[in-house]
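Try each task before reading its solution.

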Amino acid sequence: MMDTTLIIMAAGIGSRFGEGIKQLAKMGPNGEIIMDYSIYDAKEAGFNKVVFIIRKDIFEEFEEVIGSRIKKQIDVEYVFQELNDLPEGFKLPEGRTKPWGTGQAVLCCKDVVKEPFVIINADDYYGKEAFVKLHDFLVNGEDLGREFTMGMGGFILKNTLSDNGTVTRGVSVVDEDGLLSQVHETTGIEMGEDGKIKCDDPVVQEWISPEDKVSMNMWAGYPEFIDYLAEDFKDFLANVKEGDLKSEYLLPNIVDKLLKEKRANVKVLETQDRWFGVTYKEDKEIVQKAFSELIQNGGYTEKLWK
């Protein structure tokens, strides 16, 4: 059996969630958090290791709330995403407090991830189907004919909206072979009264529809992608303008760049599962209710980990 790893990006603590760490908010009947369900689904799909990307300052609480419970179920490793973890020759711009983004988060895994992997956000629930499809895709080792072979969980836009405000999504253009041709990181997405999607990007607004595939930062790849990040992150840093304390090194932009350079092919694996997550504190009750319905319908047992 091929080793495969689930990488969970948990270094960003949500400022919009109010009190407490939103990734660690209790959602299931026995105090399970969203990550419990993701790890359970990944393990069922065949993944046999979890790598948590966190910040050092949340390690103890993280270990207490989830780490100690999960390591009885699956191999666990931690890596720390730190602002000053920069390649040789670069130093932290004075006044920068914002993390460097999801690309740097994954780069932090370079010494511990040597096998095919799937990347997810800590505070998103992806459903079972995407884990199975991405795991099988990695294990089958399909050659898509370019330097980098990747996969993406393709969620249906209307299945990923929040009732409590607008959302940001990687709105995707998929070709007839099921390959990703573009990702448009789009803000301000919501469903209008008329059942049409509204968003902030006038270009995307012209064609966006409720059935479009979106990226929810669920990517599948091989270790050579992490090696690529090590070099590409240097390019990114070299181009950060003086005084810019906000720009981030983000996975959708990195993948988009590889697509434009014709260096990567990304298979979009469609999932009909409803995505949910906690963007706004009002989302918490909706997510708790959704888990309770999934349990009633037999998707999960009341006590997740026996």
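## Exercise 1: A pocket and its lining

In this predicted model, the second largest pocket is lined by Leu-86, Phe-90, Lys-91, Pro-93, Trp-100, Leu-237, Val-240, Lys-241, Glu-242, Gly-243, Asp-244 and Leu-245.

**Task.** How do the residues of the lining divide into nonpolar, polar and charged?

**Solution.** 
- Step 1. Pick out the charged residues, counting Asp, Glu, Lys and Arg as charged. The lining includes Lys-91, Lys-241, Glu-242 and Asp-244, and its charged residues number four.
- Step 2. Look for polar residues, remembering that Gly counts as polar. Gly-243 is in the lining, and the tally has one polar residue.
- Step 3. Turn to the nonpolar group, where the count is seven. Among them are Leu-86, Phe-90 and Trp-100.

## Exercise 2: Strand E1

**Task.** Are the residues on the two faces of E1 buried or exposed, and which residues stand opposite Leu-6?

**Solution.** 
- Step 1. Find strand E1 at residues 5-9 and apply the cut-off for buried, under 20% relative accessible area. Five of the five residues pass, so the strand is largely enclosed by the rest of the structure.
- Step 2. Separate the faces. Thr-5, Ile-7 and Met-9 lie on one side, Leu-6 and Ile-8 on the other, and all are buried.
- Step 3. Look at the pairing with strand E2 (residues 49-54): E1 runs parallel to E2, with five bridges between them. Here Leu-6 has Val-50 as its bridge partner.
- Step 4. Now take E4, which is also joined to E1 by five bridges in the parallel sense. In E4, the residue opposite Leu-6 is Val-118.

## Exercise 3: Strand E10

**Task.** With which strands does E10 pair, and in what sense?

**Solution.** 
- Step 1. Begin with burial. E10 covers residues 213-221, and nine of the nine are buried, so this strand is largely enclosed by the rest of the structure.
- Step 2. Check each face. One side carries Lys-213, Ser-215, Asn-217, Trp-219 and Gly-221, the other Val-214, Met-216, Met-218 and Ala-220, and both are covered.
- Step 3. Follow Val-118 from the previous exercise: its bridge partner in E10 is Ala-220. E4 (residues 117-121) and E10 are antiparallel, with three bridges.
- Step 4. Move to E6 (residues 148-156), which is antiparallel to E10 and joined to it by five bridges. In this pairing, Ser-215 has Gly-154 opposite.
- Step 5. Finish with E7 (residues 167-174), antiparallel to E10 over two bridges. Val-171 has Val-214 as its bridge partner.

Terms used: Residues numbered from 1 in each chain as written. Predicted model: local features only at pLDDT ≥ 70, side-chain atom pairs only at ≥ 80, totals over all residues. Heavy atoms only, no water. 1 Å grid on protein atoms, 1.4 Å probe; cavity = no way out; pocket = protein on both sides within 12 Å on 5 of 7 lines; lining within 4 Å. Buried < 20%, exposed > 50% of the residue type's maximum accessible area, 1.4 Å probe, protein only. Helix = DSSP H or I, 4+ residues; strand = E, 2+ residues; numbered from the N terminus. Pairing = 2+ DSSP bridges.
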